[in-house]
Amino acid sequence: MKKTTLTALCCLLLLLATRAQQTIPAYLDDALPLEQRVEDALARLTIDEKVAMVHAQSKFSAPGVPRLGIPELWMSDGPHGVRAEIAWNSWAQAGWTNDSCTAFPALTCLAATFNPSLALEYGDALGQEARYRRKDVILGPGLNIYRVPLNGRNFEYMGEDPHLASVMVVPYVQGVQRNGVAACLKHFALNNQETRRSDIDVQADDRALREIYLPAFHAGVREGGAWAVMGSYNKFRGQHCTHHHLLVNDILKGEWGFDGILVSDWGSTHDTRQAALDGLDVEMGTSAPYADYHLARPYLQMLLDGQLPVTSLDDKVRRILRLHLRTTMNRNRPWGALATAEHADVARRVAEQGIVLLKNDGILPLAPGIKIAVIGENATRSLTTGGGSSELKVKRETSPLEALRALYGPANVTHSAGYASGRPAYERENPSPLPADSLRAAAVALARDADAVLFFGGLNKNHRQDSEGADRLSYNLPFGQDTLIAALLAANRRTVIIIVSGNAVAMPWLPRARGVIQSWYLGSEAGGAIAGVISGNVNPSGKLPFSIPARLEDNGAISFGAESYPGRDGRQQYLEGILVGYRWHDTRGIPALFPFGHGLSYTTFRYGKATTDKREYACGDTIRLSLPLANTGRVAGAETVQVYVSQRAPSLPRPVKELKGFCKITLLPGERSTATIAIPVNSLAFFDDRSSAWLVEPDDFTLHCASSSTDVRGSVTIRVR
Ligand code: GLC
């Protein structure tokens, strides 16, 4: 080709490329910085388009801008899996046949694994499923602290300790968001019960707020980089949290620099002016007409009348546009996948590592080939449905009974319900519809002659049995289970009790029980995981993410009476302050039946002498603690070494000890290793409400290396200058 022709061709191509470049508007140009694209898009919007974006157009979506090719924003529950498609304008399922998912274990189980790398896999798998289902925001994780064992939604959260929840939330958020789907930290904040959730006015002091109830949200935002947060239904110090000057403007968006969207809970918005000025970005709700929402026509009218500044609208829209560029308009995000074998594997491993062996005199694991009587409704009942908004429609769910029959042989495994909880009921209490005596008699008869008995009971995500919208009314097991358990233990000493729940329960039968397991709503792979533990194919390694008090009144919040829980006349005082969970039990000398961090293994571990890299530290340093650990038993197993810190003489009251580090190590029989745990000196701070600042005081701090919050195996003391 002649030189001149080639030159002309190059010029033509350059011209076309330049023109093409000029015709791509900045907000659509991936090569430009995010903020520049946000500003360009904002400048193109009319006020009507902006106001449309800040409130729902349907049950789970907010409008985009069709004129500019900005897509709609689609959200879906929940923290444990992608909910079935919901109708446009009601809570009914849409009846799709392509939306069955993987149910991952409830977040109490994920927390019980004490394994952050599993949290990353969990978040990534969940994010893939949300992405494949075309959802741009997954409404999870739940991060509210477990304050009382009656809260209906504790199963959706990560237990009683802010450090555990803070460590586990970060990889979960990162895993979800690597798929171009926003995680949504909820419910911000202090939504620690379901009783009167829409108007209870929580009063908690600054130290409890900062040291207990906010840390997991702070970690999710600052370290996890969450792109969305959901405001909670309740009030805090008189204002609804969905639009809250202190919580949202000052702390979340001010101090923490959160640049994502604050979305309301569904119907949690109460006032247009507050929603406009106190931090709400997207108002979602439970019913149409959406044009009447606080941030719809009323907001537009106040803007046009000059009663509210347009800057309040622009800040919301900037955040929504930023979210679009990270999700719906992010051309590089992956395509996701739904209900795959890989996701089932993640679900199974989280379940296996979260199951907690509470008590075992050697009755577990059960040998192969024996005759097993399986008793209880939770051996067969689907537990992926129910519970409220975290309900799931699953591709697959194996029950404990199915898995045990597969493992031990169908002829060796019999079943009797033993009790009946009735149909899943959202309003009515659910008394047992069948004669309890005959159910119990049949179960006992079956149990009497078996080589071993496995009782699967607990709660079941029915109304008031671990469900959204209402708390439990009793600490005891429902449906006559305590009577049944006592009868089974009397009929056959070789009875193992498996509690399936998201909350602690009373265990009056404990002294006679030889083996007890705390299991969880384990999701799609429930059966395989629990059968694996029972048979010994899996060595349990879960640790309790919450305390199990012997009596309900041994719980701190409960011990202060109605004013503290559930509140009186719509007001509630968190009178236990920072002494939540084991902090209460340790500091007030009220031992729990089973303490936070407790979990046995089929092997044994020996802890060596803990050492630190230095004797003295300055603020900003990191303490490097080393702890030799040996597996002194006959099977491989994993131990979570926990480090609790005590300050010698704090100028303000502190709990006896606080979890500040943990590390889960897997060891073969006889294997020795060293747990290394890094603890930033700054994490030893307490919130000084005299100066409203975090403070690490020069003092001695003792680092307790422990197998649970009460089982301390060794300590080492360091000095902070
Ligand atoms: C519910 C829940 C929230 C859920 C939302 C949408 O009321 O409080 O967790 O994500 O509404 O279902």
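H187 is part of strand β4, which spans residues 182-188; strands here are DSSP runs of E with at least two residues, helices are runs of H or I with at least four, and both are numbered from the N terminus. The model is a predicted one, so local features need pLDDT of at least 70 and side-chain atom pairs count only at pLDDT 80 or more, while totals for chains, interfaces and linings use all residues. Numbering starts from 1 along each chain as its sequence is written, and side-chain values use heavy atoms, with hydrogens and water left out.

Most peptide bonds are trans, and most residues other than glycine have a negative phi. The bond joining K186 and H187, however, is cis, with omega about 0°. Another cis peptide bond links F188 to A189, with omega about 5°. A189 belongs to the loop between β4 and β5 (201-203). That β4-β5 loop also holds R196, a non-glycine residue with a positive phi, near 50°.

K186 and H187 turn up again at the ligand: they are among the closest of the 15 residues that surround the ligand, together with D77, Y233 and D265. To count as near, a residue needs a heavy atom within 4 Å of the molecule. By class, this shell splits into 6 nonpolar, 2 polar and 7 charged residues; Asp, Glu, Lys and Arg are the charged ones, Ala, Val, Leu, Ile, Met, Phe, Trp, Tyr, Cys and Pro the nonpolar ones, and the others, Gly among them, are polar.

For R153, a polar side-chain atom is 2.9 Å from an oxygen atom of the ligand. Of the 310 Å² of accessible area that the ligand has on its own, the protein covers 98% (Shrake-Rupley method, 1.4 Å probe).

Elsewhere, the structure contains 20 aromatic pairs, meaning rings of Phe, Tyr and Trp (its six-membered ring) with centres within 6.5 Å. Y122 and Y172 make a tilted pair, 5.6 Å centre to centre with 35° between the planes; planes under 30 degrees apart would be stacked and over 60 edge-to-face. Y122 sits in helix α5 (residues 116-132) and Y172 in helix α6 (residues 162-177), so the pair ties together parts 50 residues apart in sequence.

How values were computed
Polar contact = N/O pair within 3.5 Å; in protein donor to acceptor, adjacent residues only side chain to side chain.
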